[in-house]
Structures are given as structure tokens and as C-alpha cells.
Amino acid sequence: MLAVNETHDPELRSWVESANVAGSDFPIQNLPFGVFHRALTPEPARVGVAIGDRILDLRLCHRAGLFEGELAQVGEACLSASLNRLMALGQTSWSALRRRVGELLRDDRRRALQKKVEPCLVHMAEAIMHVPSEIGDYTDFYASIFHATNVGSMMRPDNPLLPNYKYVPIGYHGRASSIVASGTPVRRPCGQARPDSTMEPIVGPSRRLDYELEVGFFVGPGNVLGTAIPVADIESHLFGACLVNDWSARDIQAWEYQPLGPFLAKSFATSVSPWVVTLEALEPFRVPALIRPDGDPEPLPYLDDARQRERGGVDLRLEASLSSERMRAAKVAPFVVSRNSLRHLYWTPGQLLTHHASNGCNLRPGDLIASGTVSGPTRESRGCLLELAWRGEQPVTLPTGETRTFLEDGDEVIFRGWCEREGWVRIGVGECRGVVLPA
Ligand code: CA
């Protein structure tokens, strides 16, 4: 069972000075994992930990003999070019590695290690970040009741929420091959749409390209086919969180989604942020699951336990910004279009994973499970343009006076995520960004 421990101590500081700057996403209390290589080198991708504006190269640490004894196996796992092997090892190993990396970077009596560790640091500015794991399978849920209600009310004003929503976490199987790292440009997809029910379908570049602000969770050890993961064990199966942009072509989606759900409207690209913040790092920011309104059913027993009720949610703050070509030319800062928190989800991340495995479907290390668009109760907290501009009826105005109902070519979408809470050091997930290229 995860608990707050000495690695979360707000007094801890690092000898990497940039990690101690107030507002840094990557203080020593965070220590997220990622995969990178140094630009302009032929070196293979390797596992690293973000600290301030540096990356601790765990491959070099292992080679320098900094992971010994019980950490030897964990060190071996860090020699690979993805996080899958580390994710497969499980909670005890992840915690041991987090403790050790914290020791290596801590500004205290063990600073004696600094000389040995310093050569293992790389400037983030010199690094190219990769998708953190080899994602075998990607599943996208629909866990925000606010999003489901908003979108439902556009399609079915009298009956926005279908009767299964409050009982069963809704999801669909996404496409893993087109998941790209933050910073990768995204080409506007072409596809089939029917703009109007009196017309014949047309084929061409999507005219209703949208983003979806989501959070992804990477699967740890996984489960054997035919077995489930009890809700009580679920958190040892969640490695950590990243930001996800589930780019969506609404016109293609509207025409193709019945009866089997999203297909080509979603599978052309999904962006992920490169740093995976472990569930352990998130521990001080856990909150109760959303309080269900009176009259809503309780989750069925396989999705319910005291831990989920009391600490199943995560107060991960989220922000989405837009930057048009004109804004960048005029050096106007990205414009924040929505702010929200993951705590507004109807289903907790643990419930999503438990449900996913409840039929015996095997989840494997490195699989990605995304929350679905995170929207909250207010207009400002709507997690996609479809909702913010209400299907094109309420355009969003940018600082240059340009308006948006959907994304234009050249628009950059930037997500940020962080946790802050009095008494604890703020930690960040970093950024997930992508520019729209013409079809
Ligand atoms: Ca989605």
C-alpha cells in the first residue's frame, strides 16, 4: 500500500540547484521517469529521471555502480530503451529506485555522492524525449461525467447521459501505433464526413479538428489472461501518470461512430507528455473520489473499496493553451483556454483499470490507459473545443482577435499538469504539445 514517506519530505533539497527553484515541475520530491537520448549523438535511447532542468541518466548510474545489491535488477531494467522492463518489476522495485535516486540527488551529508553522480546528468535542452514505453495496447475511457453530459446533450438534448454511464466505465480500444511524443507535429487527417444529413458524404481534410485534454496511466506488472485485478490491489498495478492529447476529427467522428464507436476520427495521432510521474510521487495529492449526487448508484462492489472512496481521486491540476501562428509571430504568449482538475472524474483511475481487467482481459506492462476528456462543472473547465465553443456556436477569441471553433493549421495545443497542496512541495507533469500541420 502506498503511503507518504521520507521521499515526499517538503524539507528535502537537491544539489541540482534548478530543482529547488519555486515552481519547478521537477523538484526532488517528484522524480518522474522518461526515455531520452542526447540530440546529435548516435546513442541509444535510455531511461532517465527529471530533476530541475537536468535529466539523471540511469543507464550511466547503473554503469557507475550506483545501483547495487537489491537494486541490481532495477538497474538492469534501466538499461533498456523503454520503461517497460521497469514497469514490469512492480511497486516494491519502483519505490526502492525512487528512494535511491532521491539519495543520489539529495543535498545532505551524502553529498559525497555528488562527484560520482554529476557525470550522469544531461541538460534537458540537449535531450530528445521519446514515448516513455513501448505501448502494446492503448485504451481510452470516458470518465468525466461533465464531458459525457456536455457531448451527450449536443447529440441528445432530452437524454444526454445514457443509462449505463453511472454503472459501467465506458471506453474504447485506441490505436497504439500512432501515439507520438510531445512536440511531434500532427498532420490534419483526411476522411469521410457528412456535414449535413441531406447531403452525400464527402472526403477531404477534416474541418473540425479538436484536441482532448486527458491524463494517461501506464500499466505496471499487468495480469495473466483470464484473471482479474481486485480493486484492493489496483494501485500496485498503476505505474504513473502523463498528459495525453487525444486529437479528434469531430466531423469524421460524427459520421463513423455509430454503431461501434470512434475509429479513424481518433487513430491518426495521440500525443503523450514524456515524463511519467509515479503514483508514489502523487500520493500527497490523492483526494476522495468524486462525491456522487444523491440518487446516483454506488459503484458495484468489484469497483468499490474504502481506499477508492477516500483516496481514489488525484488532484492533478490541468491547463490547456492555444497558440496560433499569428500569436507566435507577434510573440504573444499561449492563451489558456481551460483549467481543470483530474479530481472531477466520475471514475477513479483505479476503477478504470479494475474494470478493464474485470473480464479477464490481460493488461501488460507499458500499456496506456487514458481518462477520456477531463471536463469539470464550469465552462472554463471544458476539456476540448467541441465543448468550449459548444459545437461551433460560441467561438473562443484569442488575444490577436482571431476566433476558434475548431483547430486551424499552424495552431499549437499545449497542456500542462501539476499538483500543489499546502504543506507539500509542488510537482509537475511537464508539458504535452503539438502543432497542427496542413492535410
Ligand atoms: Ca478521448
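**Buried charges, ring pairs and a calcium site**

Analyst: Welcome! Both K266 and D246 are buried. The model is predicted, so local features need pLDDT of at least 70 and side-chain atom pairs count only at pLDDT 80 or more, while totals for chains, interfaces and linings use all residues. Residues are numbered from 1 along each chain as its sequence is written, and side-chain values use heavy atoms, leaving out hydrogens and water.

User: Why is D246 called buried?

Analyst: Its relative accessible area is 0%. Buried means under 20%, exposed over 50% and partly exposed in between, with a 1.4 Å probe and protein chains only. D246 therefore counts as buried.

User: What makes K266 and D246 a salt bridge?

Analyst: Their closest N and O atoms are 3.2 Å apart. The term asks for a side-chain nitrogen of Lys or Arg within 4 Å of a carboxyl oxygen of Asp or Glu, so the pair qualifies. K266 sits in the loop between α7 and β16 (270-272) and D246 in the loop between β14 and β15, so the pair ties together parts 20 residues apart in sequence. Helices (H or I, at least four residues) and strands (E, at least two) are DSSP runs, numbered from the N terminus.

User: Which residues does the calcium ion have as donors, and how do you know?

Analyst: D140 (OD), E212 (OE), E214 (OE) and D246 (OD) coordinate the calcium ion at 2.2 to 2.3 Å. Along the sequence the donors follow the spacing D-x71-E-x1-E-x31-D. E214 in strand β13 (residues 213-219) and D246 in the loop between β14 (238-245) and β15 (248-249) bring together distant parts of the chain, 32 residues apart.

User: What else does E212 pair with?

Analyst: E212 forms a salt bridge with R250, the closest N and O atoms being 2.9 Å apart. E212 is in the loop between β12 and β13, and R250 in helix α7 (residues 250-256), 38 residues apart. Both E212 and R250 are buried.

User: How many aromatic pairs are there?

Analyst: There are seven.

User: Why is the pair of Y165 and Y346 called tilted, and not stacked or edge-to-face?

Analyst: The ring centres of Y165 and Y346 are 5.8 Å apart and their planes stand at 50 degrees. Rings of Phe, Tyr and Trp (its six-membered ring) pair if their centres lie within 6.5 Å; planes under 30 degrees apart are stacked, over 60 edge-to-face and the rest tilted. The angle falls in the remaining range, so the pair is tilted. Y165 lies in the loop between α6 and β7 and Y346 in the loop between β21 (335-341) and α11, so parts 181 residues apart in sequence are tied together.

User: And what kind of pair do Y211 and F415 form?

Analyst: It is edge-to-face, with 5.7 Å centre to centre and 70 degrees between the planes of Y211 and F415. Both Y211 and F415 are buried.

User: What makes helix α11 largely enclosed?

Analyst: Nine of the nine residues of α11 (residues 349-357) are buried, so the rest of the structure largely encloses this helix. Among them are P349, L352 and H356.

Terms used. Donors are N, O and S atoms within 2.8 Å of the metal (3.2 Å for Na, K and Ca); water is not among the atoms, so sites may look incomplete.
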